[in-house]
Amino acid sequence: MEHPILFLDVLTGMLGLHIPPHVTYAWLIMALLVGLGYLAAKPRALVPAGGQSFFELVIGGLEEFMVDITGEEGRAFFPYIATLFLYIWVCNLIGLIPGFFSPTANINTTLSMALCTFIYTHYLGIKFHGAKYIKHFLGPVPALAPLFLPIEIVGHLARVMSLTLRLFGNIMGEDLVLAILLMLAGAFLAPLPMMFLAIFTCTVQAFIFSLLSIMYFTGSMEEAH
Amino acid sequence: MKKLMIAGMTLLFTLGLATLALAAEAAGGAPGLGGFFAASVTAAGFGIGIAAFGTGIGQGLAVRSAVEGIARNPEASGKITVTMLIGLALIESLCIYALVVALIILYAYPMAKPIANALGLK
C-alpha cells in the first residue's frame, strides 16, 4: 500500500532504473539533511541568526535532554542519537506530503536502524567494561547464570524486534489509515484530522526511538547489577 | 450483568462463526481459497480488536497514574511525562505487533500456499 504517484519513482523509471521507493526517498532525505546541516554550519557566527539559531536550538535541546539521562560520559554518542532523531523525524513527516513516501513505512529501513542501535549498544558495553561486559548477561547470582544467559540474549534480540516493528507499524498504519480515508471520503477532507494526529505521532515515534536507544546505551554503560 | 456479558459473547461468537459458515458456503461452489481468506479477514479483525481493547485499558491506567502524579506534584511533570511516554510506547508496541500480524495476514499470505496444498485445493 503506497501513495499512488511517487515522483522519484517516476524519475527513476524514466532513467530505466528499478530502485525501490524507500531507498530513493531515504537518499533524498539524507541529501536534504546534509544540505541543511551544511547551510546551518557554514556561517558559524558567534551570535547565531536565522537558520543557525534554529539548528542550535534543536541540537542544544536534544543534547541537554540526553545528558540529563546518561550523564556526562554519554556526550560521546550524542551525534548518533541526534542523527537518528532528525533522520527518523524527517522520514516520518515527509510521507504526509503528496508525492512523497515515508522510508520508515518499509520494514527494511527501520530494521537497519534498529541493528545499528543493537551493534552500537554492545560496542559501548565492550568499550566501557572490556571482557567483564559478559557480567551484564549473567544475572545477579553466579549459580543462576545458565538460566539468565538465554533469557538475556532473547531479551536483547527482542529489543531489535520491538524497535523495528514499533516504528514500522506506526508509520505504516498511519499511511494506511490516510490512504483508506482518502479513498472513502477524500472529497470531504476526511484525512485532514488524521494528518494533524499524524504530525504528533511522527514526532513521538522519532522521540521514542532515540529515547529507547539512549536507555539501551545507558544500560550497557553502567555497572552490571 | 454477567448474564448479559455471556449472552453478548455468545452472540459475537455465533456471528463470527456464521460469517465463516456463510463464506465457506459461498466459496463451496467454486473450489478455491475463499473460506481460508474469509477466515483470515475474520482473524485479522478480531485480533486487532482484542489487542486494541487491552492496549486501551493499559494506556488508560498508565495515563491515569501519570496525571495523578502530576496533580500531586506539578513540579515533577517533566520527568513524569517522559517516563509516561516511554511506558506508553512500550504498551502501544503490543498493539502494533497485532497490527503487523493483521497486515501480514491480510496482505502477505505466508501460509496460503502450504494450507492450500495441505487441503488439496489449488
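This is a short tour of a predicted model, stop by stop.

**Stop 1: confidence**

Start by colouring the model by pLDDT. The model scores ipTM 0.72 and pTM 0.79. Select chain B. Its average pLDDT is 79, and 75% of its residues score at least 70. Helix α2 of chain B, residues 34-72, has the highest confidence in that chain, at a mean of 90. Helix α1 of chain B, residues 2-28, has the lowest, at a mean of 62. Now select residues 27-31 of chain B. Here the pLDDT is below 50. Beyond near neighbours in sequence, this stretch has four contacts in the model. Where pLDDT is low, the predicted coordinates should not be read in detail.

**Stop 2: chain B as a whole**

What elements does chain B contain? It has four helices and zero strands. From the N terminus on, the order is α-α-α-α. Of the 122 residues in chain B, 7% are buried. Look at the contacts in chain B with a separation of 6 or more: 63% of them join residues 24 or more positions apart.

Next, pick B:Thr83. This residue is found in helix α3 of chain B. B:Thr83 has 14 other C-beta atoms within 10 Å, so it is partly exposed.

**Stop 3: where the chains touch**

**Stop 4: helix α2 of chain A**

Select residues 21-41 of chain A. This is helix α2, with 21 residues. Show the side chains of A:Pro21, A:His22, A:Tyr25, A:Ala26 and A:Ile29. These are the buried residues of α2(A). Look down the helix axis. The buried residues fall within an arc of 125 degrees, so they line one face of the helix. An α-helix has 3.6 residues a turn, so residues three or four places apart point the same way.

Now turn to the face away from the buried side. It carries the exposed residues A:Ala31, A:Val34, A:Gly35, A:Tyr38 and A:Ala41. The buried residues of α2(A) pack against α1 (7-14), α4 (78-94) and α5 (107-129) of chain A.

**Stop 5: helix α5 of chain A**

Move on to α5(A). It has 23 residues and reaches 33 Å from its first C-alpha to its last, close to the 33 Å expected at 1.5 Å a residue. Which residues of α5(A) are buried? They are A:Thr109, A:Thr110, A:Met113, A:Ala114, A:Thr117, A:Thr121, A:Leu124 and A:Gly125. Their cover includes α2, α4, α6 and α7 of chain A.

Pick A:Leu115, also in helix α5 of chain A. It has 13 C-beta neighbours inside 10 Å, so it counts as partly exposed. A:Ile153 is 38 residues away along the chain, and the two C-alpha atoms are separated by 15 Å. Follow the backbone past the end of α5(A) to A:Gly130, whose phi is positive, near 65 degrees.

**Stop 6: helix α3 of chain A**

Select residues 51-70 of chain A. The 20 residues of this helix, α3, should span 28 Å at 1.5 Å a residue, and its end C-alpha atoms are 28 Å apart. Just after α3(A) comes A:Gly71, with a positive phi of about 90 degrees.

**Stop 7: the nonpolar core**

Finish inside. In soluble globular proteins, nonpolar side chains tend to be buried together. The largest nonpolar core here has 40 residues. Which have the most contacts inside this core? Select A:Ile88 and A:Trp89. At least two core residues come from each of α2, α4, α5, α6 and α7 of chain A, and from α3 (77-108) of chain B. α7(A) has the largest share, nine residues. Last, centre on A:Trp89. Leaving aside neighbours within four places in sequence, A:Trp89 is in contact with A:Cys202, A:Thr203 and A:Ala206.

How values were computed. Residues numbered from 1 in each chain as written. Chains lettered and ligands numbered in written order. Predicted model: local features only at pLDDT ≥ 70, side-chain atom pairs only at ≥ 80, totals over all residues. Expected span 1.5 Å × (residues − 1). Buried ≥ 20, exposed ≤ 12 C-beta atoms within 10 Å, placed from the backbone. Arc of directions from axis to C-beta. Contact = placed C-beta atoms within 7 Å. Core = buried A, V, L, I, M, F, W, Y, C linked by C-beta atoms within 7 Å. pLDDT = per-residue confidence, 0-100.
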